Structures are given as C-alpha cells and as structure tokens.
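Hi,

Here is the structure I promised to pass on.

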Amino acid sequence: MSMWHQNFMAGLTESVIAAACSRVGQSVLHLDRRNYYAGNWASFTFNGLLSWIEQYKNQQEVQITELEQVWRSLIDEGEDAVPLSALDSSISNLEVFCYASEEEEKEEEMKTPLSSFQPVNAETVSEEANGDSTEAHDTVTGDDTTASDAKTPNEEHEVSEPKEDQHTSDISEPSQSQEEKESQLSSSPADPPVEVQKKITYQKLVKEGRRFNIDLVSKLMYSRGALVDLLIKSNVSRYAEFKNIGRILTYRNGKVEQVPCSRADVFASKQLTVVEKRMLMKFLTFCLDFEQHPEEYQDYTEKPFREFLKNKKLTENLQHFILHSIAMVTQHTLTEEGLKATQHFLRCLGRYGNTPFLFPLYGLGEIPQCFCRMCAVFGGIYCLRHSVECLVVDKVSNKVKAVIDTRGQRISCSHFVVEDSYIRDEQRQSTAYRQISRAVLITDRSVLPSESDQQISMVTIPPLESSAPAVRMVELCSSSMTCMPGTYLVHLTCSSSGKAQEDLAPVISQLFHVSTIPGEEPSEGAEERSKPAVLWVMYFNMRDTSALDSSSYSLPSNVHVCTGPDDSLCSDYSIKLAESVFHHILPDEEFCPPAPNPEDIIYDGDGPQAEGPGFDESTNTEADKSLAEEEGATHEKSP
C-alpha cells in the first residue's frame, strides 16, 4: 500500500493543481483512465483523433460486478466505499462527415497562374525536407508573428512590440531551383507560369495525419490573462512556444471583414470613414479608464451595453465591431460588464503583437502537458490507462483516506482531486448541465485570403437568427503546427441550444463550400467557388459544468471536483479554480512559485564551490605536490 498526499485525475485544472502541489513538496500521484494526457483539453493527431472517435462509438457501460467483489473485500470495518463512474459521458452527439475525395491519392495537374497560388511558408518547406519536427520554429511571414512567452518574472511587465517583417518576399514563395527562377524571369507577364497542385484527398489527410494537432477545446490566451500570468510566474512558459493571433475578423452583411482594434488598424482601415475613425478612437480611449468617469455610464449600469453604445451616437458599423469583436459580449450584457470586457481587450493589445491573443504551437493540449512536466520534475508520478474504482471513506471523519484502483490496489491519500466526469449521478445534487457545441473542420484555404497565408485568425459570427447563439471561430494555419501545409484547421464553438450539428451547420454553410458528393467541386462561376471547401468535419457536444461548485456534490470534504472546459474564449476560469482548490488544500503555501532555472539547481551533496585557478594559473596545491612526487619517482626508475 502506498501513501500519497494528493491523488489527481485528468484535465487542465487538475494538472495545474498537481504542479502547484508538487512544487511545494507534496507527494503527488496523477492517474488517468485514458491513454493520453489532459482529458477533454487534449490534442490529437488526425489519426489519433480517428482512434478517439472509434473509442467513443464503441464505448460500452463497463460491467463492474466482478470488480466490485474485489474492492468490496478491501473495505474494512468503519469504512464506506464511494464508487466512481467507469463511463465518460461528457461528450455526446458526435458526428463525422468527410467531403474530401476518397479516391486513391494521385497528383492532378491544375494549371493556375502563380499570382492566384497561395505562397508556401519557409517553415513549411523546411518541414517537408526534414520530416516531422518536434521543435517549434519562430517563423514570420508577412504580418505573421510568433511570440515566445517571457521566461522570467522580471519580464512580466515588459511590453514587446510586434516583430518587424524580417523576411523578403522571395522567402514566402515556393522553393525553386535556379533554372526555374531564371525561366520565370524570362517569361512574359502575359504568359504566367503554371504550378502543379495536388488535390487533397482523404488518403492524403490520413497519410499526413501526424502533421495535425486537433484540440477538443478551442480557446485563445489573452496576453494579460490569468493563464499567461501563471505561465510567466511559474516559469512553465519555458516548456512551450506561442504564436500571436494575426488578425480579428467578423462576419457581417454576408462577408468576412477585418476588425480594426489597435490604433494602427483604426487609422489604416478602409471600412471606416474619417468620422467613424475619430468616434471609435475617442470611445476606446474612454474605455481604457472608464472607472474615472462614472458620470458617463452610471445611468446605464442596469441597461444593456448595446443601449449605451447607441447613446454614444456610434454608427451601426462601430456598434457591431465593439459589441461582437472587441467586447465579445451578447445583446443582453449589462453596460459595466461590457465596458470591463472592452477595457481588458485593449489592455492586452501590444504586449506580444497587434492583437490581444496568443496561441500555443502544437495546440492547446500542450498547456496541460507543460504543467504535468513541471509536476514530474518535482517528483510527481503519472500513470495513464490506470483508473480509480472507488474512494474509501472513514465513517467517523467523513473524509477519504484511500482509493482502490482498477488493479485492486489500495492507495492511501490525504486529498483527492478529480474531474467532474468521474462522478456518478447519485453523488450529484443536480444533473442539469449546460452544453457546448463544437465543430472541427479541415478546409483547403482561408475564409479571408491575404498576402500571407500563415496567419491565425479569430472570427466572431453574430447570431444568424434571433434564437441562434453567437459563434466563435478560430482558423489555424500550418505554421501553428496544427495542420498539414495546404490546409487550415478551423474550430467553431458556441453555447448549445441543441445538437452541435444543428447549431453550427448553418454557420458553416454560410462561410464554406460543403459539397453534396465527396470530392465534388462547385461549378464554374458559382458563388460557392469563392468559399473555402470543407474537406472533413466533426461535430460534438461537450458538457459544461462550470456553473457547479462544491455544494453541487454529495462527497467527502477532502474530495475536490474540478469542472471541465467552459464556453468562454480564454482559460481564466480554470486557472482561478485551480488556485482556489490549491489554497483549500494548502492554505499557507504559495500557489505555483517560480521553478528555478536548471543552471541554478544545487543537488544534494553539492555545495557552493570556490572559484578555482584559471587554466594558465599555477598554484602550489597538495595535488600539484603529489603529481610532482609521482613524476620524480618515475624518472628515478627510468634507466
């Protein structure tokens, strides 16, 4: 029997708590019934996601009759057993559709002028030459910016300007031989060169499956949000690299437009008149310190933010941008909440780039793994494919004293931190949950093509109907290390009003071409031809239990239930929950203190060493005397 201070199971919140406990010297055992880290926060390769889908479809209620006989025999007198759920029901209504051609992979020549051919990022060329790479590269193409987070707490308050465009235009072009370049120079403008483009088939997606990193949850990181602050404070940022979101877009009047949100964007915008630019700048300046001017909004504190915007005489254009793409609130959000959301957005601008958001290379699933790594560095132990059957509760204290795992082993513990999906319905006070609707798409091009095809875009889509939810869309390019070159990975998220497909399919049909026959292309001149084509799509609903708290469960006081992902854009709720649970377990300890740099660590038995002499310095030490005596003895013995 083993004794652990804390046992943990699954997601981002639990991984952060485990890292924090391990960092301050607690013994941590982290168990997960899955064969991958991070639970519903995980990222998968395309092939791994297909396996996950099959596991979901084949999931059956586990027969635990025989297992119960095993752990029942391990319960002593004066103890009770609280069984945990063997079935994960947090995912529902999963549906998958493939629109890419399912023919054998073959090269099809498509004669296209070079001007209409999307440029290939330099990073992509090196990736294809070197195979799958496990390292992230900071590559900037056009307006694209890759930002590694600050590594030390001293850098926390530094504001870094967006990187200048350091690459000449030829780096963004496909790799060519010298003969090809000379041939292009000699060709006339009236006879543009042609390129050979491979049609993306389903077989191609499977073959290049390792190039995808597909998140179950779609979130971004505010540059001054709780997650980024924690990554900097704890030094966990050293384990990951981040890319700046290149642009914020919105869907309006049947087309996708870029939202002017920074000062530079506002003055460069062609969508706004000169008067609108002045009005927008004046309003955004007010929002930065709106608390200093309560007389401006005190009559609207109990009224919707939209009414306040109308009162400010802002045009419909500006109201749309502020409400849906800057504050990112609903029509019914109160004014003060809307002002705070706008203020937070503005304060995050300019820290790492021209937008407020960062995205981790290789997907959001990297973040829980970073905290798992920190936990392991300080002694935490991880076991995948290893779950807990039941909790052993002391009847007198009503606290968990041990757990029994799937192998019939009894493990003592002082606290138990668990994901909500492990809790059975009979241990809940309420089984009414909110749901999140999710769609994951693989497409062939961007919803708004630009000079650089290597930009991450965040798109806000207002409700298409009065009863429909607003939708948030994140479009990831291949340089984010989440999809293969020539494709985009698109995530759509909204609060559920029904099944995910019912909520999101109308939005997808507005922005993308969805063929009726796999591999079919839109007819010549059709409006659909201007839209990106959907190659593959997955819909599913995910349970949102963020509205629940400890009073929602009938469990012992030292069992801490962590809710899964919520439907917000950032991860602040999960980080604040992790800090709250940590202080409940260890009220006198600091939450995630900075981890020392490897070069600063002094191991047991090592003490500070006095500075020795330089290579060219001679000192008369005992070692020198001994060496001289040995050399003298050798010379005496020599003939």
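Buried residues make up 50% of the chain's 639 residues, where buried means under 20% relative accessible area, exposed over 50%, and partly exposed in between (1.4 Å probe, protein chains only). Before you read on: this is a predicted model, so local features need pLDDT of at least 70 and side-chain atom pairs count only at pLDDT 80 or more, while totals for chains, interfaces and linings use all residues. Residues are numbered from 1 along each chain as its sequence is written, and side-chain values use heavy atoms, with hydrogens and water left out.

As for the overall make-up, there are 16 helices and 22 strands in the chain; these are DSSP runs numbered from the N terminus (helices H or I, at least four residues; strands E, at least two).

Now the aromatics. Searching the whole structure gives 17 aromatic pairs. Rings of Phe, Tyr and Trp (its six-membered ring) pair if their centres lie within 6.5 Å, and planes under 30 degrees apart count as stacked, over 60 as edge-to-face and the rest as tilted. Take Phe286 and Phe308: the ring centres are 6.3 Å apart and the planes are at 35°, so this pair is tilted. Phe286 belongs to helix H9 (residues 274-288) and Phe308 to helix H10 (residues 305-311), so the pair ties together parts that are 22 residues apart in sequence. Phe286 counts as buried at 12% relative accessibility, and Phe308 is buried at 0%.

Another tilted pair is Phe582 with Phe591, at 5.5 Å centre to centre and 55° between the planes. Phe582 is buried, with a relative accessible area of 0%, and Phe591 is buried at 3%.

Back to Phe286: ring pairs link Phe283, Phe286, Tyr300, Phe305 and Phe308 into a cluster. The charged end of Lys312 also sits over the ring of Phe286, 5.1 Å from its centre. For that, NZ of Lys or CZ of Arg must be within 6 Å of the ring centre and within 35 degrees of the ring normal. Arg33 lies over the face of Tyr422 in this way, 3.7 Å from the ring centre.

Last, have a look at Met458 in strand S18 (residues 457-461). Met458 is buried at 0% relative accessibility. Leaving aside neighbours within four places in sequence, its contacts (heavy atoms within 4.5 Å) include Leu220, Ile248, Phe357 and Leu569. Met458 and Thr250 are 8.2 Å apart, C-alpha to C-alpha, yet 208 residues apart in sequence.

Cheers
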